[in-house]
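Here is a briefing on one protein chain. Please read it alongside the sequence and the model.

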Amino acid sequence: MRVLVAEDGLMMRRILVRALAGWDYDVTEVEDGDQAWAEFEKEPFRMVLTDWVMPESDGLELIRRIRSANLPFYVYIILLTAKSEKEDLVVGMEAGADDFLVKPVDHNELRVRLREGERIVRLEQELAEQNRQLRETQAALVQSEKLASLGQMAAGMAHEINNPIALVANNLAVLKRDVASAFEILDLYQSTQRELAQTHPELAKKLAELTEECDYAWIRDESPALFDRSLAGLKRVRDIVQNLRSFARLDEAQLDYLDLNQAIAAVVQILQHELNNKQINLKIEPGNVPQILCEPGKIQQVLHHLLLNAIQASDQGGTVSIRTSRCETGVAIEVQDHGVGIPSSDLAHIFEPFFTTRAVGSGQGLGLAVSYGIVRDHGGSVEVSSELGLGSTFCVQLPIRPVESQSVGGSHES
């Protein structure tokens, strides 16, 4: 365990460092509180030994800085002091010290106090890990319920929409055929207009007026294209329903082969409304990648989360890129936006359940946490690079076949 020692007395500092090194601690030594804080900002320590009275910045100021740093873990601090009055010790403990040792320090007492601090730090680590696992499990359960609802909705939509779509499509096809036949008959009547004008001039005049009024020439020329566009629109509706079914993976085995490029196309279809609302310029760069053996529904869920996050992070009219490629471990998927970016202080937390940088009520902070768990369970990895104001890039790497030791197909280990 790494220990920071802040002591202005050279002799005392050497004694402390030598003792801690002999007990297998990784020690960093500094002369005053300012130096100690500078080292702490570089990489926080889990245990700190600090003298009370030091030049520049004293031990109490160092303790207050550490306690106000809002760290995601606990730091155990032992205050070293020559003061032994009860009032002084109370002041030190109220500043945030966990323990104190009166100088000159007894080595046996120091070793016991350090071991006790180490035990408390490790207990805190275990509790933090258990809490993380509970939160991740809760996030997975919430997301599973959302997916189940989506699956039921997709099944209902497919049943309720596909039947009338088929009926309308069949009727349009029949109408297109019959209208074409009717036009042939009308064209024949048109060819007899001159003879009809000679024998029945009033009727010929009436037919000419009706022909002009309904713009028969336009109807004759445009009707085939109108039917084709209507049939294409119905096919698009049918494709949307099919993509929704594909996204929910209602009819497929839990473990199956997935074409990532086709999966991306399905997810893009699902998010088309979001893309249109923000007028996003979506660049899809499909690579020559093999199919992967995975849980298709969960991988599509990851693609959905990453693309939706990129859209939400982008400005109106922004650009989002999604590409696939081969990599050493299998296949890689990159989702890049040029939006607001992620502050460096948040990068370490973005995969934590319920962590979100969005406004209260606009997101649950589950998407990235669940995606991270899914990719991890498939034996893959997720990396993110981001610069504030310039955008973010998420890179997912997945093996072509899941690692046997991973729990793909089972429940989350989280």
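C395 is buried, with a relative accessible area of 15%. Buried means under 20% relative accessible area, exposed means over 50%, and partly exposed lies in between, with a 1.4 Å probe and protein chains only. This is a predicted model, in which local features need pLDDT of at least 70, side-chain atom pairs count only at pLDDT 80 or more, and totals for chains, interfaces and linings use all residues. Residues are numbered from 1 along each chain as its sequence is written, and side-chain values use heavy atoms, with hydrogens and water left out.

**Around C395**

- C395 sits in strand β12, residues 391–398. Helices (H or I, at least four residues) and strands (E, at least two) are DSSP runs, numbered from the N terminus.
- Leaving aside residues up to four places away in sequence, C395 touches A332, I333, E334, S381, V382 and E383. Contact means heavy atoms within 4.5 Å.
- V384 is 11 residues from C395 in sequence, and their C-alpha atoms are 6.3 Å apart in space.

**The chain as a whole**

- The chain has 13 helices and 12 strands.
- Of its 414 residues, 37% are buried.
- Take the contacts between residues at least 6 apart in sequence: 72% of them join residues at least 24 apart.

**Helices α2 and α3**

- Helix α2 covers residues 33–42 and helix α3 covers residues 59–67. They pack at an angle of about 20 degrees, and their axes are 9 Å apart.
- Axes are lines fitted to C-alpha atoms, for helices over the stretch in contact; angles run from 0 to 180 degrees between N-to-C directions.
- α2 and α3 are therefore roughly parallel to each other. Angles under 35 degrees count as roughly parallel, over 145 as roughly antiparallel, 65 to 115 as roughly perpendicular and the rest as oblique.
- The crossing of α2 past α3 is right-handed.
- On the α2 side, the contact uses G33, D34, A36, W37 and F40. These meet L62, R65 and I66 in α3.
- By class, this contact of α2 with α3 has 5 nonpolar, 1 polar and 2 charged residues. Ala, Val, Leu, Ile, Met, Phe, Trp, Tyr, Cys and Pro count as nonpolar, Asp, Glu, Lys and Arg as charged, and the others, Gly among them, as polar.

**Aromatic residues**

- The structure holds 2 aromatic pairs. Rings of Phe, Tyr and Trp (its six-membered ring) pair if their centres lie within 6.5 Å; planes under 30 degrees apart count as stacked, over 60 as edge-to-face and the rest as tilted.
- The ring centres of W37 and F40 are 5.8 Å apart and the planes lie at 10 degrees, so this pair is stacked.
- Both residues lie in helix α2, where W37 and F40 are 3 residues apart, about one turn of the helix.
- W37 and F40 are both buried.
- One aromatic cluster is formed by W37, F40 and F45.

**Backbone features in loops**

- K103 and P104 are joined by a cis peptide bond, with omega about -10 degrees. P104 lies in the loop between β5 (99–102) and α5 (107–191).
- D24 is not a glycine, yet has a positive phi of about 70 degrees. D24 belongs to the loop between α1 (10–22) and β2 (26–30). D24 is exposed, at 69% relative accessible area.
- Q279, also not a glycine, has a positive phi of about 50 degrees. Q279 lies in the loop between α10 (272–277) and β7 (281–285). Q279 is exposed, at 55% relative accessible area.

Methods: Left-handed = near helix turned anticlockwise from the far one by under 90°.
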